[in-house]
Amino acid sequence: NSAEVEGLRIAKDSQLTMGAYGVGTFTGTSAKYLAVDSSGNIIEEPVPSAALIVDGGGTNPTVGLGDGVLATDSGATETNVAIGHDALSSLAPLAGNDGKFNVAIGDGAMSDCDQGQGNTIIGASAGTSGNGSDFSNNVVIGYSALSNHTTDSRKNVAIGTRAFSGTPGGMAGSKFTVAIGYDTMWEATGSSTVAMGYQTMKT
């Protein structure tokens, strides 16, 4: 058919050649990828923001997967893993170990935390609002668990939807606390406390 145009050729040496197809020809542009539009034309599209990040100033790089992850990361942080839309999106590299050794998995996980180290956060909106100094060494599993905590919240364990979460204005200074169960210790404050069970110590 004389109207057909060669769009893609794989040569004998396995080289891939792209020619005209539909409208226009494309030679490739940095930071863009090839796509096919609704009319069947080959087009270029920008790579989504922070779709995949692998960086770090040292030997242990930070890894991020998802739109908006590690949005404020300058490339100076190390040993963080962020998976999910806006996970660790406010984390900034600071002195010492701040901004390091965190794992955040889930939509918005640890998204408002501008400092913090050694946290393991799993769940959508889990560990949010963890800004301020010494938000560290927390283990959080569950939707919105341990959210709205601020300064000096450390060494807590929260497992369950909204476990140890929900206090308006944030919870400062909550340490050494274990909350396990749906809504357990929701809108409660405290340190050196153990609460287990559905809505236990909910205020």
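Predicted model: local features only at pLDDT ≥ 70, side-chain atom pairs only at ≥ 80, totals over all residues.

Mentor: Residues are numbered from 1 along each chain as its sequence is written, and side-chain values use heavy atoms, with hydrogens and water left out.

Trainee: How many helices and strands does the protein have?
Mentor: There are 0 helices and 13 strands. Both are DSSP runs, numbered from the N terminus: a helix is H or I with at least four residues, a strand is E with at least two.

Trainee: Why is D183 called buried?
Mentor: Buried means under 20% relative accessible area, exposed over 50%, and partly exposed in between (1.4 Å probe, protein chains only). D183 has 1%, therefore D183 is buried. Of the 203 residues of the protein, 38% count as buried.

Trainee: What makes R162 and D183 a salt bridge?
Mentor: The term asks for a side-chain nitrogen of Lys or Arg within 4 Å of a carboxyl oxygen of Asp or Glu. For R162 and D183 the N to O distance is 2.7 Å, so the pair qualifies. R162 sits in the loop between β11 and β12, and D183 in the loop between β12 and β13, 21 residues apart.

Trainee: Which residues form the network of salt bridges?
Mentor: R162, D183 and K202 are linked in it. D183 also meets K202, at 3.7 Å from N to O. K202 lies in the segment after β13, so this pair ties together parts 19 residues apart in sequence. K202 has 33% relative accessibility and R162 has 23%, so both count as partly exposed.

Trainee: What makes V63 part of a nonpolar patch on the surface?
Mentor: A patch takes residues with over 30% relative accessible area and no salt bridge; like charges are joined within 9 Å, nonpolar side chains (Val, Leu, Ile, Met, Phe, Trp, Tyr) within 5 Å. V63 has 33%, so V63 passes the area cut-off. V63 is in strand β6, and the other members of the patch include L65 and V81. Together the patch has about 890 Å² of accessible area, by the Shrake-Rupley method with a 1.4 Å probe, where for residues only the protein chains shown count as cover.
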